[in-house]
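Have a look at the model first, then read on.

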Amino acid sequence: MIVDPISLMVALIVVSTPLLLAAIGELVVEKSGVLNLGVEGMMIIGAVTGYIAAVETGSVTLAFVAGMIGGLLLSSIFAVLTQLLLSNQVATGLALTLFGLGLSALLGVGYGGTPMPPVRDIFPQVMQDIPVIGPILFGHSAMIYLAVLLVAAVWYVLTHTRAGLVLRAVGESHEAAHALGYKVIRIRMLAILFGGACAGLSGAFLSVARVQNWIDGMTAGAGWIALALVVFASWKPWRLLIGAYLFGGIAALQLRLQAAEIGVPVALLDASPYLITILVLAVISSDKSRLAMNAPAALGKVFHASS
Amino acid sequence: MIRLEKRPTPSRAWNIGAPILAVVLTMIAGGVMFALLGQDPVEAIRVIFWDPLFHERFAAFSRPQLLVKAGPLILIAIGLALGFRAGIWNIGAEGQYIMGALFGAAFGLALYPSESPLIFPAMVIAGALGGWAWAMIPAILKTRFRTNEILVSLLLVYVAEAILASAATGWLRNPEGMGFPGSRDLARHPGTDNPEVIAGTGMHWGVITAFIAVIAAYVLLNRHVLGYQIKLAGQAPRAARFAGVNPGRLVILCLGISGVLAGMAGLFEVSGPAGQITIDFNVGYGFTAIIVAFLGRLHPIGILLAGLLMALTYIGGELAQLMLGVPASAIQAFQGMLLFFLLALDVLANYRIKRAREVVA
């Protein structure tokens with residue numbers, strides 16, 4: 001067999017985790033009615049700050065924290081510009097991505113190629129040795145389980161708590177939420193910062209745990225795929241999990257097919273995650289009724305309280 | 001407390017003043033950034049903004065580069081600005097640029113070694129078609145399935161880069177290149193080259209096309225019904241629909257025009273300054289053009305000026321790399337910062353800042 005299904009499943013889970021982390025953050029941002037197209041920029045900043053922290057401190061935990069802080073700081077620029085200075089969200093998000101790509105390359109000069117501290121798996125070796133399900137379910141580091149827990153937490157908060165209800169209200173109609181006395185701007189800024197921290201964490205996972213190296217522009221569009229995943233999931237946290245595993249699976253599979261040299265052009269395999277994302281987006285968006293029902297109604301609209 | 005009050009119409013003075021102030025603020029913030037990098041900030045700013053034009057040794061080389069770099073930026077930004085005005089966000093110009101270069105170069109190389117003077121014009125048309133075809137993918141998905149054009153156009157950049165890599169290492173590789181990646185040198189072969197029209201100025205056919213595009217866009221926006229529809233659709237989509245503007249047609253047109261212009265820019269670059277198809281002949285003009293479009297207020301004349309300014313920062317960045325050892329990526333962060341300041345200052349054009357009196361609710 002060309003591709004070993006068990007190692008593919010393991011790789012799939014690892015590859016999809018950064019997508020999942022970035023996408024769950026963006027889902028919360030979009031649920032509050034804000035479209036932040038700067039995911040790619042926040043991810044790469046998280047990747048570089050996380051990597052630098054890992055090199056300097058030798059601690060994986062501190063590296064993840066540094067990645068979160070990096071993404072959070074970058075997203076705070078977006079929060080101030082779009083919420084306080086009422087700038088166009090699409091343009092500001094693009095600026096965030098361009099700035100993040102440049103700044104990360106600048107920060108990363110002289111880093112890269114340093115061996116990373118090992119990321120330990122949390123389950124004992126005995127459990128990992130169980131055939132088939134052992135490596136798939138138990139053979140991972142803590143961050144992978146945390147990512148799934150984060151999805152569960154976001155789902156719970158959005159659907160079962162008052163805070164989640166307020167957040168969704170702000171995203172559906174900022175005018176109504178404002179009239180009810182909710183602080184639209186403050187809630188949205190917090191959501192943006194949460195999204196930034198998630199994207200930063202996702203980047204740090206990519207550089208510190210998965211690739212274990214810093215390479216310029218290493219996110220290679222993962223931030224954009226995360227944005228597409230939110231649409232794919234129709235703004236529902238659990239569907240995000242399916243989407244992320246689907247895309248992670250394609251990415252992991254195409255790498256293995258390239259290694260196996262089965263005669264499919266490399267360009268086609270390289271492009272396959274992007275092509276399939278486009279294809280799925282087209283299929284999802286063609287279903288008008290479902291999309292209109294789930295997209296936050298105030299998504300991307302500027303809120304300016306007249307009174 | 002400070003309060004913002006919406007202006008009935010955007011302030012004219014701030015519309016022009018904001019970009020200038022943004023450039024000044026970027027210079028200050030950039031100075032701080034260079035100081036943090038251990039450089040003398042005044043020196044760094046001088047190298048970036050002054051030396052490319054007036055340095056006694058380098059200026060003779062770098063002055064023509066101004067037009068070489070501004071040409072593609074302006075050409076792409078003009079197309080993007082039309083869409084941005086209508087609320088159609090093509091941010092994948094980089095991909096259309098690559099596909100234009102590939103289509104045009106492939107056409108020229110297919111006829112190699114012919115030196116007919118008809119080849120270059122035909123290559124330009126092929127390049128335009130390549131960019132157009134690549135832009136039609138998001139356009140058709142948008143009009144048929146309402147797929148978000150931002151994501152599709154951007155994701156197609158990565159697909160285009162994969163195709164570029166396969167072309168440079170495979171189907172367009174120079175058969176006499178001893179196995180090295182990269183196509184035949186288009187710029188050194190009569191018939192497929194895009195020479196300087198006026199020697200020593202950097203003015204090649206792409207720059208001339210960019211100037212024509214500026215004028216055409218100006219006429220389109222101010223004198224033509226399509227320009228009116230573009231502006232109307234951007235400012236009041238509902239009103240536009242009642243006025244009989246067909247939104248689908250606008251998407252096809254705006255994405256099509258920006259694809260054609262980006263594709264031509266790619267072809268002019270690959271047959272002139274870049275010279276050949278290589279794995280990384282594209283240097284991000286498609287993305288920088290987004291900054292140019294905004295810095296120029298989505299206005300043709302503004303884009304012309306913004307393109308020249310942005311070209312200056314490119315050349316200045318190269319000089320700073322050479323003379324001060326500043327990393328190449330610093331200039332990218334610098335350009336991003338410029339866009340931030342500009343977006344922040346937009347608030348002054350659209351809103352009045354008032355000190356709010358305490359109101360008892």
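Is A:W155 buried, partly exposed or exposed? A:W155 counts as partly exposed, at 30% relative accessibility; buried is under 20% relative accessible area, exposed is over 50% and partly exposed lies in between (1.4 Å probe, protein chains only).

A word on ground rules: this is a predicted model, where local features need pLDDT of at least 70, side-chain atom pairs count only at pLDDT 80 or more, and totals for chains, interfaces and linings use all residues. Residues are numbered from 1 along each chain as its sequence is written, chains are lettered from A and ligands numbered from 1 in the order in which they are written, and side-chain values use heavy atoms, with hydrogens and water left out.

**Aromatic pairs**

- Over all chains, there are 15 aromatic pairs, meaning rings of Phe, Tyr and Trp (its six-membered ring) with centres within 6.5 Å; planes under 30 degrees apart are stacked, over 60 edge-to-face and the rest tilted.
- A:F64 and A:F205 are a stacked pair, 6.5 Å centre to centre with 20° between the planes.
- That pair links distant parts of the chain, 141 residues apart: A:F64 sits in helix α3 (residues 60-84) of chain A and A:F205 in helix α10 (residues 184-210) of chain A. Helices here are DSSP runs (H or I, at least four residues), as are strands (E, at least two), numbered from the N terminus.
- A:F64 is buried at 9% relative accessible area, and A:F205 is buried at 1%.
- The rings of A:W155 and A:W238 have centres 6.0 Å apart and planes at 55°, so they make a tilted pair.
- A:W155 is in helix α7 (residues 142-160) of chain A and A:W238 in helix α12 (residues 237-260) of chain A, so parts 83 residues apart in sequence get tied together.
- A:W238 is partly exposed, at 37% relative accessibility.
- Over in chain B, one aromatic cluster is formed by B:Y97, B:F281, B:Y285 and B:Y314.

**Where the chains meet**

- Contact (heavy atoms within 4.5 Å) involves 37 residues of chain B and 43 residues of chain A.
- The two chains bury about 3400 Å² between them, 83% of it on carbon and sulfur atoms; that's accessible area (1.4 Å probe) lost on being put together, summed over both.
- On the chain B side, B:L151, B:L155 and B:F340 lose the most area to chain A, together 19% of what that side buries.
- Zero salt bridges turn up across this interface, taking a side-chain nitrogen of Lys or Arg within 4 Å of a carboxyl oxygen of Asp or Glu as the rule.
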